[in-house]
Amino acid sequence: MIKKSKLGFTLIELIAIITLLGIIAAIITPVVNNVVKENNLKIYNIQIENIISGAKKWASENVFLMPENEETITLTLGNLKKEGYIDDQLINPQTKKEFSNNLIIKIIKVNNKYKYEITDDLNTDSQNNKNAPTIVLIGENIQYVEINELYEDQGVKITDKNGDVINDYTKLVLKKVGDKYENVSMVDTSTISEYRITYIATDNKLITKAYRTVMVRNTKK
């Protein structure tokens, strides 16, 4: 008698196969996720190095604006893009979005060496939105003033997506105290100090920020 070949699986065999596949998936999925995270982190670090490289190119062409010992100057990714030191579109692999133009690059001089630090402003996704307002600094984004001389902020020009001028904006003056910045009312030139002025414009709930560094120095001593 010829036995017929068995086709398909029994219920118990199917349950066993499904269980086995589930176990394999449970083992493989975390491994795959970790590999993806590690690769994203590597790409993120490469992008950060590209930004720092752009900041160093900016520094090499703006030596007269570089900080002296223990001083800090602030740039943004938007500054570097505008001046052609960085590609227009840099994607953050961890968020799958463009790095914000508000991403802050600090150049600090310590022991006669320059250190570059990056702080990502995570709450400003609208900065890269074409419908967000545009802020143009009047004057340099890094300014030096002699101690006891009057400092006058040259201000900004702000326009909406249609090019119409926006006159209403927020201005914050921060003074560096140690490793932190404290809110103050104005740039006080009576002492050697360092300030960061932040301009914030809002239009239809879209926010744009711009920054200016002001250094009070004594070059006549």
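**Close-up views of a predicted model**

**View 1. A hairpin joins strand 4 and strand 5**. With 2 residues between the strands, this hairpin includes Asn111, which takes a positive phi near 55°. The model shown here and in the views that follow is a predicted one. Strand 4 (104-110) and strand 5 (residues 113-119) run antiparallel to each other, paired over 7 bridges. To find your way along the pair, look for Ile108, which stands opposite Lys115 of strand 5.

**View 2. The largest nonpolar core holds 22 residues**. Which of its residues touch the most other members? They are Ile51, Trp58 and Leu80. At least two residues of this core come from each of helix 1 (11-61), strand 1 (72-76), helix 2 (77-82) and strand 4 (104-110). Helix 1 is the leading contributor, giving 7 residues.

**View 3. A closer look at the surroundings of Leu80**. Setting aside neighbours within four places in sequence, which residues are in contact with Leu80? Going along the chain, you will meet Ile51, Gly54, Ala55, Trp58, Leu75, Tyr85, Ile86 and Ile105. Two of these partners, Ile51 and Trp58, join Leu80 in touching the most other members of the largest core.

View 4. Among the elements, strand 9 (residues 170-177) has the highest mean, 94, while helix 1 has the lowest, 83.

Definitions and conventions. Residues are numbered from 1 along each chain as its sequence is written. This is a predicted model: local features need pLDDT of at least 70, side-chain atom pairs count only at pLDDT 80 or more; totals for chains, interfaces and linings use all residues. Side-chain values use heavy atoms; hydrogens and water are left out. A nonpolar core is a set of buried Ala, Val, Leu, Ile, Met, Phe, Trp, Tyr and Cys residues joined through side-chain atoms within 4.5 Å. Buried means under 20% relative accessible area, exposed over 50%, partly exposed in between (1.4 Å probe, protein chains only). Helices (H or I, at least four residues) and strands (E, at least two) are DSSP runs, numbered from the N terminus. Contact means heavy atoms within 4.5 Å. pLDDT is the predictor's confidence in each residue, from 0 to 100. Two strands pair if DSSP finds at least two bridges between them.
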